[in-house]
Amino acid sequence: MSDASSPVWELRSLREVVTKLVDGSHNPPPKQDTGLPMLSARNIDGGQVLFDDYRLISESAFATEHARTRIAPGDVLLTIVGTIGRTAVVPDGSRPFSLQRSVAVLTPSANLLPKFLCYQLESPAIQRHFEANARGTAQKGVYLKTLGQTPVVLPPVDVQREIVAELEKQFSRLDEAVANLQRVKANLKRYKASVLKAAVEGRLVETEATLARREGRTYETGEQLLQRILEERRVKWAGKRKYREPVTPETEALSELPEGWVWASPEQVSAGEPYSLAIGPFGSSLKVSDYKTEGVPLVFVRNIRSVSFGGENTVYVTTDKAAELSAHAVVAGDILVTKMGDPPGDVCRYPANRPPAVITADCIKLRLTSLGVDPSFMEYAIASRLVQDQILGITKGVAQLKVNLANFSSIALPLPPYAEQARIVAEVDRRLSIIREFKAEVDTNLQRAQVLRQATLQRAFVNG
């Protein structure tokens, strides 16, 4: 690979080496059900222009936008808002498209190869330049004037061609390795889903019914356990206002459960206290002006991920405000489910190492009875395809997909005998631990691949 310190390399500004430098629409036309595509930064990834998720705009609006950007094969696309610095060359034969503000269009001059420009714009030195010069609060972006001042190096075309060929040879091997790692990651995800599926179908461990027969003993079935839970609830309610039986699950379209299991609704397995099953506050009950930098933490949809609670950017409310929102309080062990998302239904338990908190809008809290229901089992059950398909079936909405709490209250959860729940949880924990170890190793290797890619680009443009 040629040395960037050679005297034949020229240092220029980006504006000097391109014949066109424009960005996409700052005021995107209204979305349409039919029309022509308007792409954004999310459509530029992996060095490609992706047509898998985009807005449609009218033909007349498209004509105006396309006339301004004049996107043509060989142009370089650069993301300049949000995730800054991803590039792609518009390929020959590409379908017509326009762009939102988050993407800039650059037409390289005759003495600049488009792919060479892409690789240079993705090099560490220029990525640092973008990071240092990005502006904005909600989303950082690079303005066109700043972008035009980006320092780039311009060697002779034959040197550019040599560098591109060498980079593509090295990146071809690296991309193949990354693709293999991504396949492993996808397989781990599928294996996790199959583990949870087997768990809630009674195929992961020996059932309590089978064990009891072999050992010549009796056992408490899931149905008997559920009746015990419901009877306990009635007894605790005595002397209060009129008792209301919890809703029963909708099971008509579901398959038969293993011997000794029963279907139960979230309301039936809840603690039975007021607000054991509740959603977060909405409207004026909790406003952005209530947010503080210390106090009682809030739980947002973004914190609830598949069988994992996360997110360090915590927002708080005062203790007085938390008391006012006590109906929405969560404590260690509570099940949290997203009622909004793409799709809704992510689930996790609120961790034991975190203080009591308050859920926000679009979160569901399920506080389980302590009488024979393992929170980990219910977490895994809700995360399984068996329950996720039910949640998908009650999801409504066009602009935003949401789940109604009343509908969620009557989904069907599998309830095995308590001893069987414990065995299932132990086996799922064991297998998920192995999956996490493999995933961590894959993620480490993916990070190494990215570091290697950046190091390779750094060597190619050492003076860039």
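Predicted model: local features only at pLDDT ≥ 70, side-chain atom pairs only at ≥ 80, totals over all residues.
## Reading rings, strands and a buried loop residue

Colleague: Thanks. How many aromatic pairs does the structure hold?

Modeller: There are six aromatic pairs in the structure. Phe-51 and Tyr-54 make one of them, in an edge-to-face arrangement with 6.2 Å centre to centre and 85 degrees between the planes. The angle settles the label, because planes over 60 degrees apart count as edge-to-face. Phe-51 is partly exposed at 26% relative accessibility, and Tyr-54 is partly exposed at 25%. Phe-116 and Phe-461 form another edge-to-face pair, at 5.2 Å centre to centre and 65 degrees between the planes.

Colleague: Which parts does the pair of Phe-116 and Phe-461 tie together?

Modeller: Phe-116 belongs to helix 3 (residues 114-121), while Phe-461 is in the segment after helix 13 (418-460), so the pair ties together parts that are 345 residues apart in sequence. Phe-461 is buried too, with a relative accessible area of 1%.

Colleague: Which residues do ring pairs link into a cluster?

Modeller: Phe-51, Tyr-54 and Phe-97 are linked into a cluster by ring pairs. Rings can also lie under a charge, and here are two cases. Arg-302 has its charged end over the ring of Phe-300, 4.3 Å from the centre. Arg-453 lies over the face of Phe-171, 4.2 Å from the ring centre.

Colleague: Now the sheets. What is the order of the strands in the open sheet of four strands?

Modeller: First the general idea: strands of a sheet pair through backbone hydrogen bonds, in either a parallel or an antiparallel way. In this case the order is 2-10-7-8, and the pairing is antiparallel. From one strand to the next, the twist averages 20 degrees. Strand 7 (residues 76-79) and strand 10 (residues 103-108) run antiparallel and are joined by four bridges, with Leu-78 standing opposite Ala-104 in strand 10. Helix 3 packs on this sheet and touches strand 2, strand 7, strand 8 and strand 10; its direction makes about 175 degrees with that of strand 8.

Colleague: Which way do the residues of strand 14 point?

Modeller: In a regular strand, side chains alternate between the two faces of the sheet. In strand 14 (residues 296-299), Val-296 and Leu-298 point one way and Pro-297 and Val-299 the other, and all are buried.

Colleague: In what sense does strand 14 pair with strand 17, and in what sense with strand 21?

Modeller: With strand 17 (residues 316-317) the pairing is antiparallel, over two bridges, and Val-296 stands opposite Val-317. With strand 21 the pairing is parallel, again over two bridges; the bridge partner of Leu-298 there is Val-358.

Colleague: Where is the place of Thr-360?

Modeller: Thr-360 sits in the loop between strand 21 (357-359) and strand 22 (363-366).

Colleague: Is Thr-360 buried or exposed?

Modeller: Thr-360 has a relative accessible area of 4%, so this residue is buried. A polar atom of the Thr-360 side chain lies 2.7 Å from the backbone oxygen of Val-299. Beyond neighbours within four places in sequence, the contacts of Thr-360 include Gly-280, Pro-281, Leu-286, Leu-298 and Phe-300.

Definitions and conventions:
Residues numbered from 1 in each chain as written. Heavy atoms only, no water. Buried < 20%, exposed > 50% of the residue type's maximum accessible area, 1.4 Å probe, protein only. Polar contact = N/O pair within 3.5 Å; in protein donor to acceptor, adjacent residues only side chain to side chain. Contact = heavy atoms within 4.5 Å. Phe/Tyr/Trp six-rings, centres within 6.5 Å; stacked < 30°, edge-to-face > 60°. Lys NZ or Arg CZ within 6 Å of the ring centre and 35° of its normal. Pairing = 2+ DSSP bridges. Axes fitted to C-alpha atoms, helices over the stretch in contact; angles between N-to-C directions.
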